[in-house]
Amino acid sequence: MSDATLSFEEAMEKYDPVLGFEVHVELNTKTKMFSSAPNVFGDEPNTNVNEVDLGMPGVLPVVNRTAIESSIKIGLALNCKIAETCRFARKNYFYPDTPKNFQTSQYDEPIAYDGYLDIELSDGTMFRVEIERAHMEEDAGKLTHMGGATGRIQGADYSLVDYNRSGVPLVEIVTKPIEGAGSRAPELAKAYVAAVREIVKNLGVSDAKMERGNVRCDANVSLRPHGRERFGIRSETKNVNSLRAVEHAVHYEIRRHAAVLDSGEPVIQETRHWHEDTRSTTSGRPKSDADDYRYFPEPDLVPIVASREWVEELRATLPEPPAARRKRLQAHWGYSDLEFRDVVNAGVMDEIEETIAAGATATVARKWWMGEIVGRAKIADVDPGQLGVAPATIVELNTMVEDGKINNKMATEVLDGVLAGEGTPAEIVAKRGLAVVSDDGPLLEAIDAALAAQPGVADKIRGGKLQAIGAIVGGVMKATRGQADAGRVRELILERLGVEG
Amino acid sequence: MTENNELIRSSAATLAGKLAAREVSAVEVTQAHLDRIAAVDGKVHAFLHVNTDEALAVAAEVDAIRAAGGPAAQELHALAGVPIAVKDLIVTVGQPTTAGSKILEGWHSPYDATVVKRLRAAKMPILGKTNLDEFAMGSSTEHSAFGPTHNPWDLDRIPGGSGGGSAAAVAAFEAPLALGTDTGGSIRQPGAVTGTVGVKPTYGGVSRYGAIAMASSLDQIGPVSRTVLDSALLHQVIGGHDPHDSTSLPDPLEDLVAAASIGNVHGMRIGIIKELHGEGYQTGVENRFNESLELLKSAGAEIVEVSCPNFKYALGAYYLIMPSEASSNLAKFDGVRYGLRVLPEDGPMTIERVMGATRAAGFGDEVKRRIILGTYALSAGYYDAYYGSAQKVRTLIQRDFDAAFAKADVLISPTAPTTAFKLGEKLNDPLAMYLNDVATIPANMAGVPGLSLPGGLADEDGLPVGVQLLAPARQDARLYRVGAVLESLLEAQWGGPLLDRAPSLTEPSPGTPSLADPALNDTVASHGGSH
């Protein structure tokens, strides 16, 4: 059953959106939040666990000092105040992904609070998002529900539990209600999550891979008629796990809420599940503010004391803020304002930086990412960084072109081969028999044939109309099935006709 | 009867001396206690599991090291080869750990508690696991899912609780030492009613890692013994910082054995807590308590009176904080990962219903009562009134202690208001049961250390009375100093240890019905099953 929606334009005409985000960041500490078990992604299920992660009788938690440092760094990067002392609390609820049947989290004493983040939109507009708090907690295990139609616990025949993720340190960043974004709301949503991801990646505190769930976003959306102060009833779309999905989910929820409000029905306060395939949400469980988690201070842990000296020491280790970094990179790369903004908006700044670090020039890196990869990512409907192009691949392709082994047209063909999983560029060139014809003999044969076929053009060139040479080059390329080096062909034509280039 | 009377009646300190001098082997000592368990535990039921093979293997290892001599023999711990019993709330590799509950029946821990690791490092043979009220919730061991323990002084009476198994094992000469846990008096009150010594250390003084939590902010592991010196010796084995317990104190352990050997209390100020004697305390308890005061005064201590007006709220606040924490700590027992799993008999097979059926079948009534209380006290809208207010009371109790310790070096009170009551007597009256802990709870609420030692027998029933000493946090040494002096003064008066007057348990005593009588066992069992 799909919900009714209005068009985005009509929704915007009638209503004013208010947003809110909860972004969960998995920290990349060596060990877990409260145990010495390794914090490693993707291993055999239930191997990175010890008695603490399994909630065995008698166990006690011990706080990971590095996780506290990472949390303070995140707080500082979000311009937050850092609490001098704060405590963990227990959030009590029965669910099999939580081995103790409570989650150790922070409740009324977050380690960081009252911050902000300035977000740059695609046209250069700056938008300030206020940060309510950033608090520490532990991740839950991963449940896989087997059998049943929905993949949810209801109706499943049985469920598999992997506690490797149980106890992985998380920082949850919560915004204050974001007002005034108007029709820029979906774009702002994407830009905000991208900014948070950029910050935690720069800090080195998270692997920041959204596809692995290192950064997960819950997006809150509500609408109110223009001019009204009171917020509408919100929905919370859970686990929106790519930047594009964040944008689409907010876009969709605005359209859905508008239709509900137009019909005169109240919006239901509930969680929504995001579906990438249909780009829509479906109803999850109703969520009321009266959910009773029976929070109380965690008696097994002593308060975290963040001395001012410690906080200042950590502040001194922070990398340059993203805005400063952008300025530096743009100057360093020599891109125009427009070129640089396009790069940022396409979400490939990090990728270009990595490609340059791998040995490409700034121009080459931009040419490949903006000219080839972004377009392919759009078609594949993924973020460009997730398409599967490694910086080294680009450097290898470019080196082949510069060495004259292949031409640009072949290089794009090789790129498609790489994306199709056919191997490395060198392997694909060999397999497909792609190589620029560099022996002049066959080229001269083809040139003579092309000149003979278009005698009028040959005359024009002899007469000094050098721009006409394209027709002859084209004929040669066609005859060699694109395997000639166009530059060399041009040289040989001029030579043949006795014209100075 | 093969039991070796001299060995089983020796203190741990005496056994340690004989072992070091090679007058006796660790295997002989351990076997003597295993024989005693075989002879009397059918009546006492102090043990839920007897660890014969491992205990003898550890003892044999100690003997081999001693026989080989050299540095390894020199480095043996003073208590190496001295056997010990462990309360079945503390997890052990190689033996089941039940917490006295059906929900953990048959469960084996994959890891050792820190205190157990320390016993193993000292090469103390572990005799087995002792009985307790389910999840340490009770003052009589009648709430054990595996039947009650009987008081060696009178098998029809309770041995106290929750650590009735550890106290009874030591009182019945089945073990010279035992480990207990004390959340509201579970070491001290059983000590009082069985004529033994029990110590609740300063909160954080002994690692809680591996003690199945009831109330995390109140629980503490401590020693159970027959003499004050023995408790000091054991306390030094198990105490000290543990990186696995965040609430463990970083302080280096004081020399408690030295404190127990000082031998005088001259000039020490000993404070009687006005609110913890008099009305509500049995006459025989009050009389023995007053005699102890006279003895301390005669030894040169100054007796002062202190008032702790907020102690009257301690019991009420305790019964909010303890169940609140317990309701959360016991949530993990759900049938998903370990222990009992019960499937609902009919209706849909959902995870919620499996958890519900497991907990309904696996927990006893007292555990359920406390989970319900705690869940209610933490609920939105009630939290401030209940849990919040109780935490304020806790602060007031700490202030009362601060004020009292400004006037006195050590405080003194009866440990429990009465001597051991009859099995079944208070089983259907939870509030009467809770009142047993009225004098012991304040120490847990404030985190201060407490020691109970035998104060004599009550005139009216001839049963043991306990005297409690309390000291400021991290001043456990004072308890051992005063406790050892009072113990020697009392024993001089009695002409020997109080436990010399306890029934032998191996000779049929005229007029006392034998627990070996199957009909009586049935009665006891039906008591056990009725709650």
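This is a predicted model: local features need pLDDT of at least 70, side-chain atom pairs count only at pLDDT 80 or more; totals for chains, interfaces and linings use all residues.
Some ground rules before you click: residues count from 1 along each chain as its sequence is written, and chains are lettered from A in the order in which they are written. Local features need pLDDT of at least 70 and side-chain atom pairs count only at pLDDT 80 or more, while totals for chains, interfaces and linings use all residues; side-chain values use heavy atoms, with hydrogens and water left out.

**Stop 1: helix 7 of chain B**

Select residues 164–171 of chain B. Helices here are DSSP runs (H or I, at least four residues) and strands likewise (E, at least two), numbered from the N terminus. Eight of the eight residues in this helix are buried, so helix 7 is largely enclosed by the rest of the structure. Buried means under 20% relative accessible area, computed with a 1.4 Å probe on protein chains only. Colour them if you like: B:G164, B:G165, B:S166, B:A167, B:A168, B:A169, B:V170 and B:A171. After the helix, pick B:F173, where phi is positive, near 60 degrees.

**Stop 2: where B meets A**

Now show both chains. Chain B brings 38 residues to the contact and chain A brings 32, with contact meaning heavy atoms within 4.5 Å. About 2,700 Å² is buried between them, 60% of it from carbon and sulfur atoms; that is accessible area (1.4 Å probe) lost on putting the two together, summed over both. Highlight B:S246, B:K332 and B:R337: these supply 21% of the area that chain B buries against chain A, more than any other three residues.

Next, zoom in on B:R208 and A:D300, whose side chains form a salt bridge at 3.1 Å, N to O. The count between the chains is one, using a side-chain nitrogen of Lys or Arg within 4 Å of a carboxyl oxygen of Asp or Glu. There are also 18 residue pairs in polar contact across the interface, both residues at pLDDT 80 or more. Such a contact is a pair of N or O atoms within 3.5 Å; within protein, one must be able to donate a hydrogen and the other to accept it, and residues adjacent in sequence count only if both atoms are side-chain atoms. On the chain B side, helix 12 (314–329) and helix 13 (351–362) each give two or more residues, and helix 12 gives the most, with four.

**Stop 3: A:D53**

Finally, pick A:D53, in the loop between strand 1 (15–26) and helix 2 (65–77) of chain A. A:D53 counts as buried at 5% relative accessibility. Its side chain makes a 3.0 Å polar contact with that of A:S35. Leaving out residues up to four places away in sequence, A:D53 touches A:K32, A:S35, A:A37, A:N48, A:P99 and A:S166.

Definitions and conventions:
Buried means under 20% relative accessible area, exposed over 50%, partly exposed in between (1.4 Å probe, protein chains only).
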